[in-house]
Amino acid sequence: MPHASVSRRISAVKSSPTVALNGKAKALARDGIKVLSFAVGEPDFPTPASVVDVAVKALQAGKTKYGAAGGGPEFRAAIAAKLSRENGLSFPEGDIVCGIGAKELLFHIFLALLNDGDEVLVPTPYWVSYPDQVLAAGGKPVFLPLSKNVADEPLTVEMLESLATDRTTAIVLNSPNNPAGYMFSEKLTRELGEYLRTKPWWIISDEIYEYLAFDRKHLSLGTLFPELADRYIHVNGMSKGFAMTGWRVGYCAGPTGVMKMVRDLQSHSSTCLPPFIEEAATFAIGQGKALLADGFETMRRRRDLAVSLLRKMPGVDLVQPHGAFYVFIDLRKLVKDTFAFSDRLLMKENVAMVPGEAFGAPGFLRLSYATDEKTIEDGLGRLASALESLK
């Protein structure tokens, strides 16, 4: 008797390589091997104590029942106030949806927007989950090629025009960028906005690293082009800017009809945020960037240290990172297969870095400098030794 079939769409989805690499590093650590991990995009400092205190008090007050799908009114009001105050974006509470991390919300957004065969433009390098989420939603990711000058011109209108078809439905924008750390300049943001005004596409703008903007001011496309409000979807969360990765709090804002679809999907998946977490997140977002100002300055110093050490390595190039907490290391002059090299780096040098293949950019390694300075120095010293051994 033949087996029942399985979903072709979901069969095409691969597991997250960053999560898999982190698991491999943790397995080595369980065997007593000290691994210097630069693999996971996670601040190494704890969630601010004031945020934890709010959650503890909410737990003690018995706020452990189901919450509202899409977020309660107090949290959505706090997000609306933040978007207005910090981003110049105007969204009513009803057009804001909260969920279990920005990752879940992005998945629900793609499910809400895409029909079979719809194409989504995705600039390279890209966050690992965009393509697989698009595939799982029945769409087709169309990758913009890696720019020769990724740091200052990560994509161009000409790139978009050359790949656009009558099946193009959406474009994904991510600034500050994971994995490359670049940021859109105001000039590029304006060029994109002028072009996208002429297209009927959905604009999915992942801005979760906005607080980690070091060399340039973060600007939302929706701020500069409010006339795109009927197609602009802002995606953000608490993980990076508030050191709340494990709390799993994300939010998005966009057109009323799409946000209703996302909220309805959530009601059938994760249901809601835990109310005690939502209460802590409401407090945190009200505090804003000031809550972790010292942490952001620490990240800037770490960025400068990592960049200075890498620039001393013969044959090594890098994408100058303007924000986030990553350096995208260009090893194309030295390494043919960065996937195999990253595995060797982990097993021989006990250093974990994600190969560029995971982000559509073979020949690169992503280094997360969200760790202490000594670890950065030791880890890059081991990287230099591994590269030297190739000669």
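This is a predicted model: local features need pLDDT of at least 70, side-chain atom pairs count only at pLDDT 80 or more; totals for chains, interfaces and linings use all residues.
**Entry 1: a helix over a sheet.** I started with helix H13 (residues 338–349), which lies across E12 and E13 and runs at about 45° to E13.

Entry 2: I then looked up the strand order and got E9-E10-E13-E12, an open sheet of four strands with antiparallel pairing. Strand E9 (317–319) and strand E12 (354–355) stand at the edges with a single partner strand each, so one side of each has no neighbour in the sheet. Next I checked E10 (residues 326–330) against E13 (residues 364–368), and they pair in the antiparallel sense over five bridges. I picked valine 327 and found its bridge partner in E13, leucine 367.

**Entry 3: strand E2.** Are the faces of E2 (residues 96–99) covered or open? Both are covered: Ile96 and Cys98 are buried on one side, Val97 and Gly99 on the other. Isoleucine 96 has alanine 253 of E8 as its bridge partner.

**Entry 4: two helices crossing.** I turned to H5 (residues 101–113) and H6 (residues 129–136), whose axes come within 9 Å and cross at roughly 40°. The two helices are therefore oblique to each other. I noted the crossing of H5 past H6 as right-handed. Which residues make the contact? From H5 I listed Lys103, Leu106, Phe107, Phe110 and Leu111, and from H6 Ser129, Tyr130, Gln133, Val134 and Ala136. By class, that contact has seven nonpolar, two polar and one charged residues.

Notes. Residues are numbered from 1 along each chain as its sequence is written. Side-chain values use heavy atoms; hydrogens and water are left out. Buried means under 20% relative accessible area, exposed over 50%, partly exposed in between (1.4 Å probe, protein chains only). Two strands pair if DSSP finds at least two bridges between them. Contact means heavy atoms within 4.5 Å. Axes are lines fitted to C-alpha atoms, for helices over the stretch in contact, and angles run from 0 to 180 degrees between N-to-C directions. Angles under 35 degrees count as roughly parallel, over 145 as roughly antiparallel, 65 to 115 as roughly perpendicular and the rest as oblique. A crossing is left-handed if the near helix is turned anticlockwise from the far one by less than a right angle, and right-handed if clockwise. Ala, Val, Leu, Ile, Met, Phe, Trp, Tyr, Cys and Pro count as nonpolar, Asp, Glu, Lys and Arg as charged, and the others, Gly among them, as polar.
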